[in-house]
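Below is a short briefing on one structure. Please look over the sequence and the 3D view before reading the points.

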Amino acid sequence: MGAFILLLVLVGGLAVMAIGMYNSLITLRNRCDNGWSQIDVQLRRRYDLIPNLVETVKGYAKHESGVFEKVTLARAAAVNAQTVKDQGQAENVLTGALKSLFAVAENYPELKANQNFLMLQEELAGTESKVAYARQFYNDTVMKFNMRQQVFPSNIIANMFGFKPREYFQIEEEVAKGPVKVQF
Amino acid sequence: MYEQISRNKWKSVALVVFFMAFIFVLTWFFEYVTGWGKGGLVLAVVVAMGTAAVGYYSSDNIVLGISKARPVTKDEYPYLYNVVEGLAIASGLPTPKCYVIDDTAPNAFAAGRKPETAVICVTTGILEKLNRVELEGVIAHEMSHIKNYDVRLQTLVVVMAGIVALLSDWMLRSFMWGGGRRRGRDRGGSGGGEGLMILAGLALAILSPFIATIIQLAVSRKREFLADASGAMLTRYPAGLASALRKISADTEPLEAANKATAHLYIVNPLKNLKGGGGVNRLFSTHPPIEERIAALEKM
């Protein structure tokens, strides 16, 4: 009788542990989805700002059509990206194209004084840092989720219910966060 | 960085526990020393709880009112809102409401009882004088105060300190007015032992406001380091906050809307320009020295 109760307690304890591990895996997976949709919201916002920006710059710098084309193409590629990895690469290209657009704008003092341009520039800078923060939040969550699937004993539960590790959202160069170098 | 956060958290918890024990001892003394006995204690607790409840629920509005802060919209300050929204995403919290103080002295604080109703308040000076990376560092520091429930803790500590001050004040009064009456009533009772008790109570009554003040400041100092560390975790760029702290502390302009009661809320002591340095000042100051905070950030 004593041994039976002991066994019952043991099995019950293991079941409670397993349920806890399963639930925390589900919570983390939902958090990953939520993190990804937050990145998505900010990326959409960025895509919406870009045509406005291009139009504004065009008004002052008609001859720089090469740059406009590059930005427009990069934007289209980013909008149509399917996987996490493609999205990351397309974002890199777009960031580079926008950089050259702002470099062009530097040559037009009237444009730099335009209120609309300044507002778009601030919105774009704000959105870009939001993308960076959303990405950071997503990657942190993915790390937790993937780690939970690999460590013992929750890896048993993860295997049993077929949890898959998520992909990190990577960008190649740390443009946003690196210290700013100023050269004279 | 992770270690530092958990160590700071433990120290903070220990301080709060110590504070609660202190309040317990004080109330116990009150029961022992005054002639009121149990009835007086009940009255004291009721009044203290009433004060605490009112202080707790309106604390954020009181603080914002004292600081002459006004709520601003995103259209007025898109730059501030973009930075705050970005860090809200990074910390996984709802976006706090933004308030602005019209003052050229650079400073900032956060208030509120929970992340959902929290506010972040900055001066117009800080918006003009810091660049984006530095402002992100400052807002990340405030966001960490919100995320760690520092804002609530600071409110609780302020309320606790208020209760201690109230109780010790009461004890002193009961010696002056009620003490004689009690002696008259208990004539012929025990002598020396009771006198000693009254002396100890008197010492405690005089000391308690000082003790409470120091504890209150200690809590806020530990948590400044913690908020610096977790703020750096959010931006992943400690140098931004370090540079902001350097700029803010180098600024000599005093913040008119700040006073001794609200000083500990700000990221850098807004009263810094009103007094000199020195050992005693360090013990009583609301913030750890800026150099120590910058050094800690640079070590990360």
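How many residues of chain B are in contact with chain A? Twelve residues of chain B are in contact with twelve residues of chain A, where contact means that the C-beta atoms of two residues, placed from the backbone, lie within 7 Å. This is a predicted model, in which local features need pLDDT of at least 70 and side-chain atom pairs count only at pLDDT 80 or more, while totals for chains, interfaces and linings use all residues. Residues are numbered from 1 along each chain as its sequence is written, and chains are lettered from A and ligands numbered from 1 in the order in which they are written.

**Where the chains touch**

- On the side of chain B that touches chain A, the largest share, eight residues, comes from helix H3 (residues 78–91) of chain B.
- That side of chain B has seven nonpolar, three polar and two charged residues. Ala, Val, Leu, Ile, Met, Phe, Trp, Tyr, Cys and Pro count as nonpolar, Asp, Glu, Lys and Arg as charged, and the others, Gly among them, as polar.

**Chain A overall**

- Chain A has six helices and zero strands. Helices (H or I, at least four residues) and strands (E, at least two) are DSSP runs, numbered from the N terminus.
- The radius of gyration of chain A is 24 Å, whereas a compact globule of 184 residues would have one near 16 Å. The radius is taken over C-alpha atoms, and the globule rule is 2.2 Å times the number of residues to the power 0.38.
- Along the principal axes, the C-alpha atoms of chain A fill a box of roughly 90 × 35 × 25 Å.
- Of the 184 residues in chain A, 26% are buried. A residue is buried if 20 or more other C-beta atoms lie within 10 Å of its own, exposed if 12 or fewer, and partly exposed in between, with C-beta atoms placed from the backbone.

**A helix pair and a loop residue in chain A**

- Helix H2 (residues 65–79) and helix H3 (residues 84–105) of chain A have axes that come within 9 Å and cross at roughly 155 degrees. Axes are lines fitted to C-alpha atoms, for helices over the stretch in contact, and angles run from 0 to 180 degrees between N-to-C directions.
- H2(A) and H3(A) are therefore roughly antiparallel to each other. Angles under 35 degrees count as roughly parallel, over 145 as roughly antiparallel, 65 to 115 as roughly perpendicular and the rest as oblique.
- The residues in the contact of H2(A) with H3(A) divide into twelve nonpolar, one polar and three charged.
- A:Glu64 sits in the loop between helix H1 (2–60) and H2 of chain A. A:Glu64 is partly exposed because 18 other C-beta atoms lie within 10 Å.
- The C-alpha atoms of A:Glu64 and A:Ile19 are separated by 61 Å, and the two residues are 45 residues apart along the chain.

**Chain B**

- Chain B contains ten helices and four strands.
- Of its 300 residues, 42% count as buried in chain B.
- Helix H5 (residues 132–147) and helix H8 (residues 238–250) of chain B pack at an angle of about 95 degrees, with their axes 7 Å apart. That makes H5(B) roughly perpendicular to H8(B).
- Residues in this contact include B:Val133 and B:His141 in H5(B), and B:Leu241 and B:Lys247 in H8(B).
- The contact of H5(B) with H8(B) has five nonpolar, four polar and three charged residues.
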